[in-house]
Structure formats: structure tokens, C-alpha cells
Amino acid sequence: MSPVDGQRALRVEQALRLLPDIDALLPLRAFVVRTSRGMSPELPYRTVGKRFVQSGELREFVPRAVARASEHLTALYAAAVEALESEERGDLPGAVHALLSAGEEEEKVGRFTQARAWYEHALRVAEELRERRPEIRSLRNLGRLDTMRGRQETAARFFQRSLVLAEAEMDAHAAAIACQGLGDVAQAQGKWQGATSWYTRGLQYTESDPALRAALQLGLGEVARARGQLDSAAEWFRQAGALFATLRDHQGSARVLNAWGLLESLRVRHVEALARYSEALARLAGSRRDPSVEMEIRLNLCELYLEWGRLTDAEDEIRRAEELAIEHNLTERLARLYVIMGRVRGRQGDDTGFVFYEKAVELCRGQEPWPRLEADVYLAYALFRKDLGDLDECRAYLERAHEVYEAIGDGAELARVDGELARIQAQ
Amino acid sequence: MTTVLRVPVPSAREGSPRLRLLGVGPEGGVLRDLARFAEGEGAEFERVPDTSAALRTLSDDAWTMVLAVLEDEPEEQLAWWVEVLRRLGRRPRLVTLVASPSIGFTLRATQSGVFEVLSIPVGRERFREMIERVRSPEQETPLPLAEARPIAVGNAQMVSESPVMMPVFRSIAQVAPSTATVLVVGESGTGKELVARAVHLQGPRSAAPFVTVNCAAIPENLLESELFGHEKGAFTGAVARKIGRFERASGGTLFLDEIGDMSLALQSKILRAVQEREIERVGGTEPIPVDVRLIAATNRDLRQMIGQGQFREDLYYRLAVVTLKLPRLAERGDDLLVLASTFLTEFGHRYSKTFSGISSRAVEMLRRHEWVGNVRELRNVIERAVLVADSETLRADHLPEEWRTGGEAAATPDTTPLSTLSEMEARHISRVLDHTHGQIREAARILGVHRNTLARKIREYGL
């Protein structure tokens with residue numbers, strides 16, 4: 001897209017440099033990115049900083065941005081007042097519920113540090129109560145948040161505590177969710193046996209809860225896939241898919257199809273994988289779509305095209321996924337997307353692909369840091385440099401990745417990085 | 001359990017390509033009729049009961065057409081089919097079978113690229129008409145691929161038979177043997193880098209490196225260190241000492257693409273490097289001598305930018321010692337077909353397919369397209385076409401779907417059945433509603449009817 005005639009075109013990177021990176025301006029900075037216009041599909045794809053700012057539209061968006069910020073604050077204040085009123089009524093579980101709702105509001109808009117503060121506060125209040133369910137819920141929220149943020153050790157501790165409480169309370173639903181959380185943590189850590197045990201244990205609590213049962217079956221399928229037990233994985237996916245279909249849960253069906261697509265990818269059955277992802281997206285199209293689920297599918301689709309060597313299609317899909325990530329403020333997924341784009345450029349032998357890794361690093365180190373992902377980006381960046389023959393830079397990025405993996409205690413990835421480092425030293 | 005009904009294929013149509021139709025829906029009823037009709041038309045017909053089976057079957061083989069029975073929630077199913085078929089790559093035409101489709105549904109289906117909406121029950125004559133429409137593109141006249149005489153430029157090649165490119169080739173030949181700085185001007189995708197490479201390869205520095213920097217692709221905060229390099233620790237991201245592109249191009253050519261996108265501050269540093277023939281790494285203290293031939297390129301009007309204070313005049317005159325202007329693809333006449341043929345052959349090799357021609361309708365569509373992205377866009381379009389092509393002739397239906405459903409299709413001979421007045425009215429109302437973003441009051445004002453009348457028609461047509 002070319003600038004408007006007679007007007008100087010302002011690029012997003014220029015605009016963001018001009019606006020100070022302070023809390024009060026965060027929504028406005030986000031709007032600058034969201035309302036920017038990308039390049040037309042006929043022109044080469046570039047990072048978000050190279051888009052053009054629509055300053056006219058931006059002015060119109062200001063009242064909406066203010067309204068959205070005000071709406072968010074109103075929800076937080078309402079939750080805080082609700083907590084106070086509950087305490088006045090002597091309903092402390094109600095107060096915890098209100099505090100947790102406030103945290104969930106923060107989580108929805110990607111303010112994870114603030115969300116965690118609300119959850120921790122709720123947990124402190126809940127720990128004083130005789131009633132244990134508020135504590136279980138607080139622990140569950142903290143566990144879920146930490147899993148997502150890559151803090152697996154602390155997440156595991158929260159889920160463990162919530163499981164003990166849920167079992168003591170004979171709360172099957174809460175126990176199943178805790179087992180699912182522990183399974184997810186183990187899966188993220190690559191502890192397949194542990195993950196299988198947790199998901200299987202969770203299934204024992206889901207006799208009357210088909211949705212949760214399906215989710216656990218999906219987890220078991222994912223673990224089986226990761227262990228290379230592909231037939232077993234397919235069977236789990238079939239069971240989970242059937243349950244979600246019975247429940248008319250389009251979101252769940254889409255997640256199963258997404259997992260199935262990955263399975264087909266592993267079997268190097270590209271067309272089948274594509275069909276699964278397409279079906280998953282189509283399922284979402286018929287429901288109130290969860291952008292993060294849609295983004296996961298699109299990321300896998302981009303990976304598939306990349307593996308398949310259909311680089312033009314990969315680039316097209318990346319453009320669509322980027323729009324979605326920006327629209328819904330999915331920072332972590334946007335960073336992952338840029339890594340894929342960097343790999344596409346690497347495959348094309350285009351060394352300017354480094355800009356996508358740089359952008360990904362920048363996103364990981366933003367207001368809400370993603371250290372685990374940052375290390376992943378360094379590792380991918382190092383491999384990109386290695387392919388280009390820049391061994392010094394490759395080594396430097398591997399060392400960075402090593403530092404971060406070591407800091408967050410990810411032994412499996414640390415070993416992989418050290419292996420790469422050894423290979424580089426040997427060259 | 002998938003039940004499959006196969007109809008044997010008689011040789012009813014000698015010489016015509018075989019049509020393969022996949023029916024998706026319950027056994028019996030309309031699909032049984034269609035299987036019989038298909039037999040009469042010499043087409044192969046297979047039925048699968050549901051979408052999952054359809055996906056597997058579609059993945060396995062190439063199909064001409066999918067005939068999908070949409071029962072509950074046809075709108076939702078329509079969206080599903082459109083999305084799935086769009087991604088599958090091989091593009092079977094989609095025909096939806098719906099009991100009493102509303103005009104609104106038909107309209108949306110058509111806008112989504114559905115080949116035909118058939119109302120259940122389907123009459124034999126209607127089916128035959130549709131099959132004829134499918135066959136007609138198969139019978140498009142194939143034209144042989146245009147012959148090209150490519151000029152090798154490193155691993156790439158320059159292809160042109162157009163007189164407007166001759167001055168460009170002449171200028172390359174004239175300027176290459178010198179070490180003069182060259183400014184290549186042209187729209188995005190016209191081949192500026194290829195020309196720069198040709199100048200380098202035919203010049204005295206051809207044995208030395210040709211290093212490119214795309215100034216528009218690299219964020220401003222990274223561009224300086226990319227050009228001049230940096231010392232370890234010069235800034236947060238400086239994880240290791242980096243040799244910049246000026247240094248890497250030493251003895252050879254440095255190609256600065258999209259130089260109009262460079263900030264004024266960096267322009268000054270480039271000017272200094274050109275004038276003083278030395279650079280300094282970011283965070284470094286020692287000047288480093290560099291000896292490079294500079295070729296710059298831009299798609300912007302640098303003179304206008306000078307007037308607006310966005311580009312340094314002194315740098316412009318340093319760069320524009322010789323200026324080469326590249327024409328847009330639209331100005332290159334038959335080069336469009338020469339290039340299309342070259343790309344067809346190139347991607348044919350890559351994807352193990354053979355092409356002997358391009359159909360007359362495809363040529364017509366290629367000619368009518370605007371080509372904003374010039375040769376690069378053409379290359380991408382042809383690559384995609386090769387991926388979906390299922391014959392030795394590139395046909396219109398291998399080209400982007402939006403060309404057929406959007407404005408560009410309007411120019412090609414229309415073989416669709418004539419619309420009724422109601423369909424025309426529904427289409428027009430839908431267009432106005434799109435224009436007003438669904439605002440009924442505003443749409444009614446434009447259409448000159450009362451909003452209650454409009455609301456009634458929207459309901460009536462299912463818009």
C-alpha cells in the first residue's frame with residue numbers, strides 16, 4: 001500500500017517510537033497497531049512495524065479506546081465493590097469469587113501480571129475460610145495462568161494443592177480439572193508418562209461430565225502422539241471428537257481436529273493434515289469462535305505449509321494469522337508466528353528473515369514477558385543464523401537460549417541447546 | 001461405516017475429459033437421481049454419507065465437482081464447504097443441493113464461489129445444463145506456451161521480448177563495465193534486484209560479492225547495524241560482533257533496495273560512507289575502509305521526496321549517476337504471456353507437472369488483471385495455479401477464485417443462466433446493504449423505498 005497522495009505516510013515503527021511506552025498509552029499504542037493497514041497481498045510481506053498508520057481512523061478510535069479502558073476499569077471496580085459488599089454480608093466465599101472475576105477480566109485483556117495479583121490476593125483470603133471451594137478455584141486459576149505463562153513448576157504446585165483439597169471435599173469436577181492441569185504441566189515439560197497418569201486419573205472423576213472427559217481424552221491423545229504412538233493417539237482423538245460432537249461443542253471439535261492435523265503432519269500426510277485443519281476452522285466458523293483456538297490452528301497450518309514447501313501459501317496464511325493475532329492482542333502467538341515467518345524466509349534463502357526473529361524477541365520481552373518463548377525464539381534464531389553460515393551469531397543466540405532455559409529450569413531444551421552448541425564448537 | 005455407490009463410466013463422450021462427481025449426503029433421494037443422471041452424461045459418480053468421509057475421499061483423489069446435500073443449517077454448512085474446498089488446493093467445483101433455497105442463500109453462495117445452487121428435487125434437464133457448463137471450460141481452446149529466450153543472471157534469468165525492455169538491456173550493457181553508481185527506479189515487483197544483479201555480474205567486480213539490503217523490510221532500529229555492523233554489547237541486542245553489509249560487500253557491489261524508505265539520519269551516514277569510503281561499526285571507534293560499488297533502487301519519487309524534505313538531495317545526486325527506469329508489467333505487452341509461460345515451465349519442473357499450453361480464457365483473464373505487484377505477483381499467481389492444475393493446459397479455473405467471482409470475471413463470456421427479476425433485485429439490495437454496512441435506514445434512502453418495504457424484502461429474500 002502506498003501512502004495517500006500529498007500526505008506523508010507514517011509507519012507503525014515510527015509512530016511507536018514517538019509515543020512513550022507508558023502504562024497510560026498502552027491501549028493507544030495497541031490501537032495504532034490494530035488500525036494500521038498492511039501491505040496489499042500482491043506486495044512482499046513485512047513485519048507489523050512497516051505497516052502504515054491510519055491517523056484519521058486513529059482519531060475516531062480514541063473515544064472507543066477510552067470507552068474500552070473505562071469499561072475494563074468499571075468491571076474491576078465493580079468486582080472490588082462486590083468483594084467488599086460480600087464481606088459486609090459475611091459472605092467471604094462471595095468476596096473471593098468477586099476477586100477472581102476481577103483477575104479473569106485482567107486475563108482477558110492480556111494483563112497477566114495484574115491477573116496474577118488478583119488471584120494471589122483471592123487465594124490469601126480463601127485460605128482463611130472453612131469452605132474450601134474458593135481456595136480450590138483460586139489455586140486452579142493460578143495454575144492455569146502459570147501453565148500458560150510457562151511457569152510449570154509453580155503451576156504444578158497450585159494444581160497439586162487444588163487436587164488434594166478437591167479430593168478431600170469429594171469434589172469430582174474440581175479433582176478432574178486439577179488432574180487435567182497437572183497433565184498439561186507434565187505435557188509441557190515433556191514428561192509423557194506423568195502426563196498420561198494424570199489424564200487417566202482425571203478420567204476416573206468424569207463419569208457425569210462428558211465435556212471434561214472429552215478434554216482429558218484429547219490430552220491423552222496429544223501425549224500418545226508426542227510419544228509416537230500414533231494409532232493410540234488417533235483412537236483417543238476419535239473418542240474425544242465423538243463426545244464433543246454429541247455435546248455440539250464446536251470449539252472442542254475444532255481442538256480435536258487441530259490435534260488430529262498435527263498427527264497427520266507427523267505421518268507426513270500433508271493433504272490429510274490440511275483437510276483436518278480446514279475442517280477445524282470451518283467448525284469454528286459456525287460457532288462463537290475463540291480467537292486463541294483459531295490462532296493455534298492457523299499456526300499449525302502455517303507450519304504445515306512450511307514443511308510441505310508451499311511457501312507462498314505459508315506466507316498467505318501468516319498474513320491472515322497476523323491480522324487475527326493483532327486484532328485480539330495475542331502477543332505470544334504473534335511471536336510464534338514471526339518465528340515461522342523467519343523460517344519461511346530462511347527457506348527462501350532470504351537473510352532479511354532476521355527481522356522476524358528480532359520482532360519476536362521484542363514481543364517476548366514486552367510489558368508481559370514470555371521467557372520460555374523468548375528462549376525458543378533464540379534457539380530458532382540461532383538455527384537461522386547457522387543456515388546462513390553466521391556461526392558467531394548462531395553461537396551467541398544459543399548461549400542466550402541456554403541462559404534463559406537454565407533460568408526457567410527447562411532441562412530438556414537445555415540439553416538440546418547444549419547439543420547444538422557442541423556441534424557449533426566442533427565446526 | 002462409509003457406504004460408497006460407484007457408477008460405471010460408459011464412454012458416452014468420446015474425447016471429453018472425464019468428469020468425476022462426488023455426492024455427499026444420505027443414500028437414496030436426490031443423490032440416487034443424480035447418480036442416474038451422471039451415468040447418462042458419461043460422468044463418474046461416487047457417494048459418501050457425510051463430511052468426514054468426504055474429506056478423506058477428497059484428499060485421496062482429484063474430483064471435478066462436489067454435490068453436497070445441505071439439510072440442517074445450510075448457511076453454516078455452506079461456510080464449512082467453502083472453507084474446506086478453498087484450502088484443499090485441488091479445487092472441485094461446489095454444487096449445493098438445498099430444499100427451497102432462499103434468494104439470500106443463493107446470493108451468498110454465489111458470492112462465495114459456489115458453482116451452482118440446485119433446488120431439491122433436481123430435474124434431469126437442469127442437471128444436464130450444469131454439466132454442460134462444467135464441460136465448457138474443459139473445452140477452452142488451449143494456446144501453446146509462448147517461447148522465451150532467457151538471459152541468465154546468476155541463478156535467475158531475465159525474460160523479455162518486449163521493445164520497452166530493450167532500452168533497459170542496452171543501459172545495463174553500457175553501465176555495467178564501469179563502476180558508476182546506479183539508481184534503478186520502478187514499481188514493486190518489476191525486477192529491480194535482478195537488474196542490479198545483472199549490472200554487477202557484467203561488471204569488473206563480478207567475482208566479488210553482491211550484497212543486498214532491503215531498506216523497506218528492515219526496521220529502522222536494526223538497519224544501521226545491518227549496514228555498518230556493530231561491536232558486541234553496543235546495544236541490548238548486540239549479542240556478538242557483527243560485520244555489516246558494507247564490509248561484506250567489500251570489493252563487490254552493495255545493492256540498497258527501497259532506499260526511499262531510509263530515514264534522513266541514516267541517509268547522512270550512507271552519504272558519508274560513499275564520500276569518505278569508510279564506515280564505523282555501531283559501538284566501534286575505528287573507521288573501517290570500504291570499497292564498494294553502490295546500486296540503489298526505489299519505487300518512490302525521490303525528487304518529490306527531496307521537495308518534501310524527506311530525502312537528501314546530495315545523496316540523490318551521488319546515487320543517480322546513471323538512472324535505469326523499469327516499466328510496469330502492464331507496459332510490457334506480450335511479456336505477460338512470455339513470463340507466464342516461463343514461470344509455468346519453472347514451477348512445472350518444481351512440482352513435477354508438465355504444461356503444454358494456456359487456455360484462451362485463462363489468457364484473457366491474465367490480460368485483464370491489473371498486476372499491481374507486477375512480475376512478482378504474476379510469478380505467485382502462476383505458482384499457485386501450477387499447484388492446483390490438473391491438466392497440461394493452464395485453465396481459467398486454475399487462476400485465483402476471486403478473479404472468477406469478482407469483477408474480473410464479468411469481462412469473460414458469461415455462461416451462467418439468466419437471472420430472474422427477483423434475483424436481480426435481491427443482488428442489488430445486498431450490494432447496497434454491503435455499502436451501508438447493514439444500515440437499513442441508509443440503504444432504504446439510497447434505494448428510494450420506505451424502510452419497512454426494504455425490511456420486508458430482506459426477510460423475503462433471506463438476506
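Start by selecting Thr181(B), which sits in the loop between helix H6 (166-175) and strand E10 (182-185) of chain B. Helices (H or I, at least four residues) and strands (E, at least two) are DSSP runs, numbered from the N terminus. A word on what you are looking at: this is a predicted model, where local features need pLDDT of at least 70 and side-chain atom pairs count only at pLDDT 80 or more, while totals for chains, interfaces and linings use all residues. Residues are numbered from 1 along each chain as its sequence is written, chains are lettered from A and ligands numbered from 1 in the order in which they are written, and side-chain values use heavy atoms, with hydrogens and water left out.

Is Thr181(B) buried or exposed? Thr181(B) counts as buried because its relative accessibility is 15%; buried means under 20% relative accessible area, exposed over 50%, and partly exposed in between (1.4 Å probe, protein chains only). Now show its contacts, meaning heavy atoms within 4.5 Å. Leaving aside neighbours within four places in sequence, Thr181(B) is in contact with Leu294(B), Arg318(B), Leu319(B), Val321(B) and Val322(B).

Next, select the whole of chain B. You will find 20 helices and 20 strands there, and 48% of the 463 residues of chain B count as buried. Among contacts in chain B with a separation of 6 or more, 73% join residues 24 or more positions apart.

Now bring both chains into view. The contact takes 44 residues from chain A and 43 residues from chain B. Together the two chains bury about 3,900 Å², 50% of it on carbon and sulfur atoms; this buried area is the accessible area (1.4 Å probe) that two parts lose on being put together, summed over both.

Zoom in on Arg248(B) and Asp351(A): they form a salt bridge, with the closest N and O atoms 3.4 Å apart. Such a bridge is a side-chain nitrogen of Lys or Arg within 4 Å of a carboxyl oxygen of Asp or Glu. Between chain A and chain B the count is 7 salt bridges.

Finish at Arg298(A), in helix H14 of chain A. Arg298(A) counts as buried because its relative accessibility is 9%. Not counting residues up to four places away in sequence, Arg298(A) touches Leu281(A), Glu317(A), Arg320(A), Ala321(A), Leu324(A) and Arg87(B).
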